[in-house]
Amino acid sequence: MLQCIFLLSDSGEVMLEKQLTGHRVDRSICGWFWDQSISQGDSFKQLPVIASPTHYLFQVFREGITFLACTQVEMPPLMAIEFLCRVADVLNDYLGGLNEDLIKDNFIIVYELLDEMIDNGFPLTTELNILQEMIAPPNIVSKVLSVVTGTSSNVSDTLPGATSSCVPWRTADTKYAQNEVYVDLVEEMDATINRDGALMKCEVYGEVQVNSHITGLPDLTLSFTNPSILDQVRFHPCVRFRPWESHQILSFVPPDGQFKLMSYRVRKLKSTPIYVKPQLTSDGGTCRLNVMVGSRNDHGKTIDSVTVQFQLPSCILSADLTSNHGTVSILADKTCTWNIGRIPKDKAPSMSGTMVLETGLERLHVFPTFRVGFKMMGVALSGLQIDKLDLKTVPYRFYKGFRAVTRAGEFEVRS
Amino acid sequence: MFPQFGATAESLSKASTAVFRIGTDAHLYDDPDDVNIAPLLESKFDSEKTEALKRLLALIAQGFDVSNFFPQVVKNVASQSLEVKKLVYLYLLHYAEKRPNEALLSINCFQKDLGDTNPLVRAWALRAMAGIRLHVIAPLVLVAVGKCARDPSVYVRKCAANALPKLHDLRMEEHTSAIEEIVGMLLNDNSPGVVGAAASAFASVCPNNFSLIGRNYKKLCEILPDVEEWGQIILIGILLRYVIASYGLVKESIMFSLYGKDDNLEVDEQDFILKEDTGYTSEKTLSELANMILQCYIEGPDEYLSRSSSANMVPPKLDVSQFTSCSNDIVKILLKCTSPLLWSNNSAVVLAAAGVHWIMASKGDLKRIVKPLLFLMRSSYASRYVVLCNIQVFVKAMPSLFAPHYEDFFVCSSDSYQIKALKLEILSSVAVESSVSFILKEFQDYIRDPDRKFAADTVAAIGLCAQKLPKMATTCVEGLLTLIRQEYFCGEIRSMDGEDGVLIQAIISIKSIIKLDPPSYEKVIIQLVRSLDAIKIPSARAMIIWLVGEYCSLGEIIPRMVSTVLKYLARCFTSEALETKLQILNTTAKVLICNTGEDISTLQKVWSYVIELAECDMNYDVRDRSRFLKKLFSCNVDSQNHVEEQNSESQKRDQSYVFAECIFGRQTTAVTVPTEPINDRFYLPGSLSQLVFHAAPGYEPLPKPCSLPYIDFDQNDGTANSDSDEDGDPSTSGSVDEGSASDYSSEQSVTASSEADGSDEIDSGNEGNNNVDPLIQISDTGNVSEEQNGGVHSRFGDLMSTKSLESWLDEPAKSSKENETNQSRARRSSARITIGNIRSRIKPKYYTLLDPANGNGLKVNYSFSTETSSVSSHLVSLEVFFENCSSEAMSDIVLIDESSNRSSDPSTNQTPSTTENTMKIHTENPAMVSMEDIPSLEPGQTENRTLLVRFHHHLLPLKLALFCNDTKFPVKLKPDIGYFVKPLPISIEAFRDKESHLPGMFEYIRSCTFTDHLVELNKGSNSLTEDKFLVICEALALKMMSNANLSLVSVDMPVASNLDDASGLCLRFSSEILSNSMPCLITVTVEGKCSDPLTVSVKVNCEETVFGLNFLNRVVNFLAEPSVTRS
């Protein structure tokens, strides 16, 4: 089981330590960790499981914060990683973001949360909704109150009812004047287009996100018109397995508030809504780049926040790139970003320019991969459609809302 | 302008961030000690206390040691504010181990909080109390955990389960069974949340106590999908181990089929897997690998190390009986309940469920795990790596499983290098003929990747694919050659790192492909040789030169161009790098040996030129090599000059020629062919060890199949919830051992007792046989109504002192019966029970102090006596029996407390008159009131003495020295906590009153199984059925009284509608602790059928908690001991 959790800042400073068991971990381990990550660079930062001379370390890196957990004994590594991810998610939600200052400013809340989330190295309460009832998230009201009166307690003095009910993710006695459920399909499209311009891989990873505010203990069912397109699914603990196995119906008692009901994968899609065509020609020490972007859109929806990003190969000394639409920026680490925004109707955006190669190099022999970002509101590119949402048990009416959005996931175009 | 209003932009932005930080604890973190913390802690306002505590926590967070505030902080544990409490707990747990003495101050508060009405307070108190981890309070924590395990709140019960590993960490051997009992109880809980936490406790407390699982197996399986995610991970592993330990592996699973090959268990299976895996060339290595994996799963690291070498490894002997079928219900349930978990949101749960299927599911069902595993790769980056590491092992053992999903292993640019490398390895293992062209196409893209290390790995993967699928080899070689041409095209000018690696790797790959079928790649070699001039990287050149030497006699063209190549090499010899130079020397030698052609003279010229150059080289390796070669080839070269003139000389030449042949001849290919034995270690899927490639501490391989004796636990399902602890469960081998051990000791005591009062025994035995003389007799007084509704309330001894009770009990049974009935009728008109001569039947237990074998024939036994000392309340009285078993007389036998005497005056020890001395000792260090010595003991003579001893601790033995014939024997006196009390004769009302004053924390309950009465019942099977209760009463009372110094207060008879149901029988005993006269009350309640082993729950109420607990443990232990069979 986990022995200790450290939170490290961007500069390697230990912001917080939480010892979990009797076998204390000295914080010098963080020093070792940081020395290693400086000497070994990025590949070390991306190694989730590290065997240090004294401990096994698990690291999860989120927005500049390194979550480091230590153990000395055998335990499922995914359990540790998943838990650290959960901690990061919860903190993100509590503090409205993750960065060094937020953690330091609210270190008491972080301590209290960690104490509730893990006991003796074993996860205790990790459901966000329940935690929020035990430890109040910081908000404007409590801040002001604490300034004015000097007293504020973020520790609730009663045990959330949910911890003892048969649905541990929900408190039974919620009351709302207006009952409403919003269902969002949030999809990410992963695609790989190879050097020949052929679509090698195109699939969608989606999540069904639900925001429910319903009085009492509601029992919801959600069904899709075309569940057969789903290749693989994963569910929130509240989803009952049996109805899904037999009829592909989601039957569940929802947690209160926002949660991720289900995630799914749809494979082998035939087309992408956007095309990116890079061309690289090199001769005599210079290289000419031309990237065309266009919409292949038959959904009738606009494509927003389009970006094309790529890493200039290290053999390129300088680059001069311009575009007919949007802005091009090149960072010091040779990351080039072309912000297009919304694709205009009248013209096809393109970026072009020349790049100077290292002296002595005639031609370019390595080619960058272009990562594409976009966002489409109101459409689920997987084609998944919600059939209906019903409320059992509780008799009164409620408002339902459905939305869909698709973003680019790992959308790559090789050149 | 006023200067003070000239705010700069910088200060404005500072101000704006400050606005966001208002109301947070930012200032506390930034300057935690800018105020004096100590007075704040003493403040009477919660808000100030909170602030002080927050400052302390900030200091802890920043790594400062603030343990010096411990005493002040501990005081605040009593605060009513929950926030203060929480913060104090946080601080306390951080430092408790450092300041154990001060931490003890908080215990009372926790105890109080444990009785709070708010479950949150109870849970926090328990967590904090268990988290303090002090040995001193461990028994208290155990009691608290035991209580909380029965708490109405699920959350509290969950925290109780989590507290068990904390207790276990303290390594309290004496409480192990109590802890395991609680684990068993919590595993049987109805709430899934508790079961999950209990599973985790089980895994860390008693991972091999499968009887706890067996009892609840089906229930645990059914509850599994509802258990919270973290518990699921652990519970899945436990269930898997249990099934393997008790039922073995599954015949249809991949484990078995891999196995079949060695044991010829099932030929069909073997064929099946062969068929399935066609398309993989290195089939043999594959199956060997898979076999290896299985072996690693089952075998512990010790065995692995002890195995001399992997070459002669003997697979663990498993026979058919150690395999079960997939259709076995137990296996079916496990698979059925774990398969929906493949849809879990938690990656660790999915992987754990997949691991179970991997080991237990039939090969057909194995497909089920593929998609969930692949889907996991889309979760966080960190888990992607872990999942891929596991998939890699699955793929190695069974490539066909993932073969159709090769597209999922295509690399993205956002993958880290480790992930890319793993994906490449998986891709090259899953490639089959139908997919290889797509995979190679993808590989072509990767070669252009800016990450050159990755590109080099890709080239290596291409080589692997070509070796696996010979049909693709030509295409691969073509591609690689083109790559090499491109590479050397720009190779001259570039000094970029990684680029060399690609080229070298390309040549390595080509080399390994050529090795498969050299004749068909003649042209490839020629092309490589032609490019030699352009390739500048030394190791790449060396490899090509090696190829020339290796294949110099291959085909038609190569032998003809060899001399030209050698000339070229000789020309550039001086400018080469070390490794190339060495390789040129080798190749020249090889060519020389193989060549029989016409241009031999040219070759010899080149040879001598190169040797000459090498001999003058700067590097001694090159010089050595050249000298060695010169010597080896001197005769060879000569012999070819003067063609075999003298036979006598040729023998010597032949010898060196043979050497040269051996070293440089064509045998090399033959030597390198045998595949290397796979020497990797594999660990269970989903384990940490699997990722770090060594067994992490605490790693446990799967248990040996069928290592657990088969028990049909289904029968126990019904009785499982009766809290019977595992002592009573015959399944655990541990408890069986215990049983036999105690059998042994009790046998000893039987022989001893039969020696002591054997005649009595026989008498009572006869009586028992003849006229059924029950020790307890109900003499109905006619008040039938009370007996009907209230049960029989017997209260005897309530008005009498112990002494009189004893004397009364000692009276002959028959006469006492009438007397007693009269007496009791006179006192109260209700049902009466009298217990006959129970005192006389008490057989004290004898312990050996000195064995005749060790004591030169002197045998010393001792037993605890019920007499209490009049000298001091701290003294326990013992009867010591001396017997001379030798043939010679003994003299001056005395038993003394050595530790105290040593300090006083050792010379007086052996003198016969030690009375004065002992008195002195008694006052100084009253460990023991010395016994009167025995001046002489004739052979066969026995003597007994009464000894008054003061034990320092009620569990630790006292070291004494026994002197006999001036020889010293160190002996140990083991205390029996049952005699650290003396009978406290009180009435039932007084008992009840006292009991009501000792609730909650002072009450401890444990249960055990009691079987003594069975012997009696069987013996008197012809007797009246009504007597069953009495027999039980008698047996229980006897057992209690003969093992502890108690007084019987009352007996409650069960309200029995069924004559065979003893449930409700209740005996009360009272006693007081010798040292401090605190009362210690014991209530024994019986449950179960008369003719079966009874479940007896023992309750102890005692103010002194530690003593009470130990006392309870002792009572439970002796009650559970099997009865002494009477001769």
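User: What makes the pair B:Glu229 and A:Arg86 a salt bridge?

Analyst: Keep in mind that this is a predicted model. The N to O distance between the side chains of B:Glu229 and A:Arg86 is 2.9 Å. The rule asks for a side-chain nitrogen of Lys or Arg within 4 Å of a carboxyl oxygen of Asp or Glu, so the pair qualifies as a salt bridge. Across the interface of chain A and chain B the rule finds 18 salt bridges. On the side of chain A that touches chain B, helix H3 (residues 77-95) gives the most, with eight residues.

User: How many residues does each chain put into that contact, and how much area is buried?

Analyst: Chain A and chain B put in 109 residues each. The buried area comes to about 9300 Å², with 57% of it from carbon and sulfur atoms. In chain A, the residues that lose the most area to chain B are A:Glu74, A:Leu78 and A:Arg234, together 8% of what that side buries.

User: Why is B:Lys85 called buried?

Analyst: Its relative accessibility is 5%, and buried means under 20%, so B:Lys85 gets the label. The residue is in helix H6 (residues 82-95) of chain B.

User: What does the side chain of B:Lys85 make a polar contact with?

Analyst: That would be the side chain of B:Asp113, at 3.0 Å. Leaving out residues up to four places away in sequence, B:Lys85 touches B:Asp113 as well as B:Val77, B:Ser79 and B:Val121.

User: On to rings: how many aromatic pairs are there over all chains, and why is A:Tyr182 with A:Tyr399 edge-to-face?

Analyst: The search finds 27 aromatic pairs. For A:Tyr182 and A:Tyr399, the centres are 5.9 Å apart and the planes are at 65°. Pairing needs centres within 6.5 Å, and planes over 60 degrees apart count as edge-to-face, so both tests are passed. A:Tyr182 is in strand E8 and A:Tyr399 in strand E23 of chain A, 217 residues apart.

User: Why are A:Tyr182 and A:Tyr399 both partly exposed?

Analyst: A:Tyr182 has a relative accessible area of 32%, and A:Tyr399 has 46%. Buried stops at under 20% and exposed starts at over 50%, so A:Tyr182 falls in between, and so does A:Tyr399.

User: What makes B:Phe210 and B:Tyr242 tilted?

Analyst: Their planes are at 50°. Under 30 degrees would be stacked and over 60 edge-to-face, so tilted is what remains. The centres are 6.2 Å apart, and B:Phe210 and B:Tyr242 are both buried.

Terms used. Residues numbered from 1 in each chain as written. Chains lettered and ligands numbered in written order. Predicted model: local features only at pLDDT ≥ 70, side-chain atom pairs only at ≥ 80, totals over all residues. Heavy atoms only, no water. Helix = DSSP H or I, 4+ residues; strand = E, 2+ residues; numbered from the N terminus. Buried < 20%, exposed > 50% of the residue type's maximum accessible area, 1.4 Å probe, protein only. Polar contact = N/O pair within 3.5 Å; in protein donor to acceptor, adjacent residues only side chain to side chain. Contact = heavy atoms within 4.5 Å. Buried area = accessible area lost by both parts, 1.4 Å probe. Phe/Tyr/Trp six-rings, centres within 6.5 Å; stacked < 30°, edge-to-face > 60°.
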